[in-house]
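Here are my notes on the model you sent over. Have it open next to the text while you read.

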Amino acid sequence: MKVWQEVENPVTHATTHKEVTMLSDQKCKLSYEKQTSTTPTGGPAVIAQTTKLFIAPELDIPAGSKIIVTQHGKTVEYTRSGEPAIYTDHQELMLEAFERYA
């Protein structure tokens, strides 16, 4: 997981924004669900896919973080799109495709 945050240069003491890795190599699981809806005017059906991340409950993943998941040899970048549902043994986060930091 990476976040965009202020970083102070130790030599010049100038503050800039940089992408900083907060967590790495965390066990997780992705779940995908397709949703189909039709329009009342009889137009084409709209198909959307939601992606849910299952991860350890003690991890703090701020909204807007870049979440990079490698699964089955494919790496995809996501961002957290909502508040997590936290359970005893895991938390569930709804994800969206990462486009840019807010």
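1. First, a word on exposure: buried means under 20% relative accessible area, exposed over 50%, and partly exposed in between, with a 1.4 Å probe and protein chains only. At 79% relative accessibility, His 72 therefore counts as exposed. His 72 also has a positive phi of about 55°, although it is not a glycine. You'll find His 72 in the loop between strand S5 (66-71) and strand S6 (74-80). Strands here (E, at least two residues), like helices (H or I, at least four), are DSSP runs numbered from the N terminus.

2. Some housekeeping. This is a predicted model, in which local features need pLDDT of at least 70 and side-chain atom pairs count only at pLDDT 80 or more, while totals for chains, interfaces and linings use all residues. Residues are numbered from 1 along each chain as its sequence is written, and side-chain values use heavy atoms, with hydrogens and water left out.

3. How confident is the predictor? pLDDT is its confidence in each residue, from 0 to 100. The chain has a mean pLDDT of 87, and 93% of its residues reach 70 or more.

4. Asp 25 sits in the loop between strand S2 (15-21) and strand S3 (28-37). Is Asp 25 buried or exposed? Exposed, because its relative accessibility is 80%.

5. Now the largest pocket. A pocket is an open set of points on a 1 Å grid over the protein atoms alone, where a 1.4 Å probe fits, with protein on both sides within 12 Å along at least five of seven lines; lining residues have an atom within 4 Å of a point. The largest one holds about 250 Å³ of space, a volume being the space filled by probe spheres set on the points. Of its 17 lining residues, Gln 26, Cys 28, Ile 67, Ile 68 and Val 69 are the closest to the centre. The elements giving two or more residues to this lining are S3, strand S4 (46-55) and S5.

6. Which element gives the largest share of the lining of the largest pocket? That is S5, with five residues. By type, the lining divides into eleven nonpolar, four polar and two charged residues.

7. On to the rings. Lys 29 lies over the face of Phe 54, at 5.9 Å from the ring centre. The rule asks for NZ of Lys or CZ of Arg within 6 Å of the ring centre and within 35 degrees of the ring normal.

8. Finally, a few distances, C-alpha to C-alpha. Glu 33, in strand S3, is 16 residues from Gln 49 in sequence and 5.5 Å from it in space. Thr 12 and Lys 27 are 15 residues apart in sequence, yet 38 Å apart in space. Thr 12 belongs to the loop between S1 and S2, and counts as exposed because its relative accessibility is 53%. Glu 33 counts as partly exposed, at 47%.

Methods
Ala, Val, Leu, Ile, Met, Phe, Trp, Tyr, Cys and Pro count as nonpolar, Asp, Glu, Lys and Arg as charged, and the others, Gly among them, as polar. pLDDT is the predictor's confidence in each residue, from 0 to 100.
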